[in-house]
Amino acid sequence: MPTMAELADSILLVTGSVPAGQVTTYGDVARVVGCGPRLVARVLAARGGETCWWRVLRSDGTIAEHLVG
């Protein structure tokens with residue numbers, strides 16, 4: 001089983017591979033990495049400055065309210 005640091009690095013790698021002009025969801029990233037979407041959100045909240053976090057949306061296609069504006 002991967003460590004939390006390995007999962008976080010994988011989440012950042014997958015998120016960083018989303019092409020410009022395209023988006024994905026927390027769940028899609030989670031399926032690729034092998035974790036839950038809440039962990040994806042937590043990692044991006046903590047380390048999102050290291051990747052293109054704005055390309056990751058909720059399953060309904062929206063962004064979190066606190067990020068709007």
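**Helix packing and buried sites in a predicted model**

Gly-27 lies in helix 2, where helices (H or I, at least four residues) and strands (E, at least two) are DSSP runs numbered from the N terminus. This is a predicted model, in which local features need pLDDT of at least 70 and side-chain atom pairs count only at pLDDT 80 or more, while totals for chains, interfaces and linings use all residues. Residues are numbered from 1 along each chain as its sequence is written, and side-chain values use heavy atoms, with hydrogens and water left out.

**Helix 2 with helix 3**

- The axes of helix 2 (residues 26–33) and helix 3 (residues 37–47) come within 8 Å and cross at roughly 105°; axes are lines fitted to C-alpha atoms, for helices over the stretch in contact, and angles run from 0 to 180 degrees between N-to-C directions.
- Helix 2 and helix 3 are therefore roughly perpendicular to each other, given that angles under 35 degrees count as roughly parallel, over 145 as roughly antiparallel, 65 to 115 as roughly perpendicular and the rest as oblique.
- Tyr-26, Gly-27, Val-29 and Ala-30 of helix 2 meet Pro-37, Val-40, Ala-41 and Leu-44 of helix 3, contact meaning heavy atoms within 4.5 Å.
- The contact of helix 2 with helix 3 comprises seven nonpolar, one polar and no charged residues, where Ala, Val, Leu, Ile, Met, Phe, Trp, Tyr, Cys and Pro count as nonpolar, Asp, Glu, Lys and Arg as charged, and the others, Gly among them, as polar.

**Helix 1 with helix 2**

- Helix 1 (residues 4–16) packs against helix 2 at an angle of about 125°, with the two axes 10 Å apart, and these helices are therefore oblique to each other.
- From helix 1, Leu-7, Ser-10, Ile-11, Val-14 and Thr-15 meet Val-29, Val-32 and Val-33 in helix 2; by class, the residues of this contact divide into six nonpolar, two polar and no charged.

**Helix 1 with helix 3**

- Helix 1 and helix 3 pack at an angle of about 80°, their axes being 10 Å apart, and are therefore roughly perpendicular to each other.
- On the helix 1 side, Met-4, Leu-7, Ala-8, Asp-9, Ile-11, Leu-12 and Thr-15 meet Leu-39, Val-40, Arg-42, Val-43, Leu-44 and Arg-47 in helix 3, a contact with nine nonpolar, one polar and three charged residues.

- Cys-35 touches Leu-7, Ile-11, Ala-30 and Val-40, residues up to four places away in sequence not being counted.

**Individual buried residues**

- Gly-27 is buried, with a relative accessible area of 17%, where buried means under 20% relative accessible area, exposed over 50% and partly exposed in between (1.4 Å probe, protein chains only).
- Thr-25, placed in strand 1 (residues 24–25), counts as buried at 17% relative accessibility and, leaving aside its neighbours within four places in sequence, is in contact with Val-56, Leu-57, Arg-58 and Ser-59.
- Cys-52 lies in the loop between helix 3 and strand 2 (56–57) and is buried, with a relative accessible area of 18%.
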